[in-house]
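Visitor: Please take a close look at one part of this model: the salt bridges and the helix packing around them. Keep it brisk.

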Amino acid sequence: MAEIDAAAKGMDEGGIFSKSAIIGMVVLAFVGAFFGYFTAQGQQSRQIEQTRVEDARALQEAIDPALTSFAGVADRITKLSATEVDFEAAEALGEAKFVVSGDVLASNRLLLGRDVISPLTAYMAQSAVLSEMIAEHRRLTALDKAEIEGLLSENDVLDESLVAVVFDYRHLFTQGGNEGYRPRPGRLMTLKNLDRDDEGMLEASMLNSSRTQKVEMQALVPLERNELIKSAGDNALQRYERRVKDLKERTEALKQRINPLSSALSELAG
């Protein structure tokens, strides 16, 4: 204001501009500076938004192959049977590339916002864990192959219609009340069906033998196929079953990260 007064005084003394003109010019200068500031801010905001859009598109392009690969992995793992060993699937799963590494965050992608960064980092971490689990499943399945095939060969008998233990129930009825009673050992046998012959008897085959024997229905204790496999204690088939169960659970958890990530990126990329 001192300058304005000085200019005004100069005018009174014969200067070029009047006091009102000088005040008007100062006001116009302030207005220009004000609009210039907000124009610059608007341009900066548009640049940031454009950068976000371009970054979202670049990130989509970078991770789409991994997400597509994971979709195939998830489908294959979902179809795995815990009780039917699939050596081919174990090998193929180990070849899939679905992990997103930290390289995708090399640029300043924090501008993408929490809605993108949060599911992205979660997918990165969980996909790495699943990849390690698949690699271990592949290694152990190959390592256990001989044992698995041996167990499956030994359990071919389980493909029969019925597997049962045949026991001497008459001995139980006549001797079971005695203090020193000991049950007689049962015999593992297979039966094609439960059709009785004219004498009311069933035809059963001795385990791992072509010999057959007539038995009474009352002497049978049917056994479930999966229980027979488990009866051998911890073995390669059981370990395979546990691994498949863990893979399925981990895959389902990772699938939950896909939609939030894809949706947020699509919204930004336009």
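Guide: The count comes to 10 salt bridges, a salt bridge being a side-chain nitrogen of Lys or Arg within 4 Å of a carboxyl oxygen of Asp or Glu. Side chains of opposite charge can pair when their charged atoms come close. The model is predicted, so local features need pLDDT of at least 70 and side-chain atom pairs count only at pLDDT 80 or more, while totals for chains, interfaces and linings use all residues. Residues are numbered from 1 along each chain as its sequence is written, and side-chain values use heavy atoms, with hydrogens and water left out.

Start in helix α2, residues 19-79. Helices here are DSSP runs (H or I, at least four residues), numbered from the N terminus. Lys-79 and Asp-75 form a salt bridge, 3.3 Å from N to O. Both residues lie in α2, four residues apart, about one turn of the helix. Lys-79 is exposed, at 63% relative accessible area. Asp-75 is partly exposed, at 41%. The cut-offs are under 20% relative accessible area for buried, over 50% for exposed, and partly exposed in between (1.4 Å probe, protein chains only).

The next pair leaves α2. Glu-88 forms a salt bridge with Arg-76, with the closest N and O atoms 4.0 Å apart. Glu-88 sits in helix α3 and Arg-76 in helix α2, so this pair ties together parts 12 residues apart in sequence. Glu-88 is exposed, at 59%. Arg-76 is partly exposed, at 32%.

Thr-83 lies in the loop between α2 and α3. Thr-83 counts as partly exposed, at 46% relative accessibility. Its C-alpha atom is 9.9 Å from that of Arg-242, a residue 159 positions away along the chain.

Now α3 against α4. Arg-138 and Glu-95 meet in a salt bridge, 2.6 Å from N to O. Arg-138 belongs to helix α4 and Glu-95 to helix α3, so the pair ties together parts 43 residues apart in sequence. Both are partly exposed: Arg-138 at 23%, Glu-95 at 48%. Glu-91 joins them: Glu-91, Glu-95 and Arg-138 are linked in a network of salt bridges.

The helices themselves pack there. α3 (residues 87-95) and α4 (residues 114-143) meet at an angle of about 145°, with axes 9 Å apart. Axes are lines fitted to C-alpha atoms, for helices over the stretch in contact, and angles run from 0 to 180 degrees between N-to-C directions. The crossing of α3 past α4 is left-handed, meaning that the near helix is turned anticlockwise from the far one by less than a right angle. Contact means heavy atoms within 4.5 Å. On the α3 side the contact includes Phe-87, Glu-91 and Glu-95; on the α4 side it includes Ile-134, His-137 and Arg-138. By class, four of the contact residues are nonpolar, three polar and three charged. Ala, Val, Leu, Ile, Met, Phe, Trp, Tyr, Cys and Pro count as nonpolar, Asp, Glu, Lys and Arg as charged, and the others, Gly among them, as polar.

α4 also packs on helix α8 (residues 236-255), at an angle of about 160° with axes 10 Å apart. That makes α4 roughly antiparallel to α8, a term for angles over 145 degrees. This crossing is left-handed too. Ile-134, His-137 and Thr-141 are among the α4 residues in the contact, with Tyr-240, Leu-247 and Arg-250 among those of α8. Here the classes are 11 nonpolar, five polar and three charged residues.

Technical notes
Helices (H or I, at least four residues) and strands (E, at least two) are DSSP runs, numbered from the N terminus. Angles under 35 degrees count as roughly parallel, over 145 as roughly antiparallel, 65 to 115 as roughly perpendicular and the rest as oblique.
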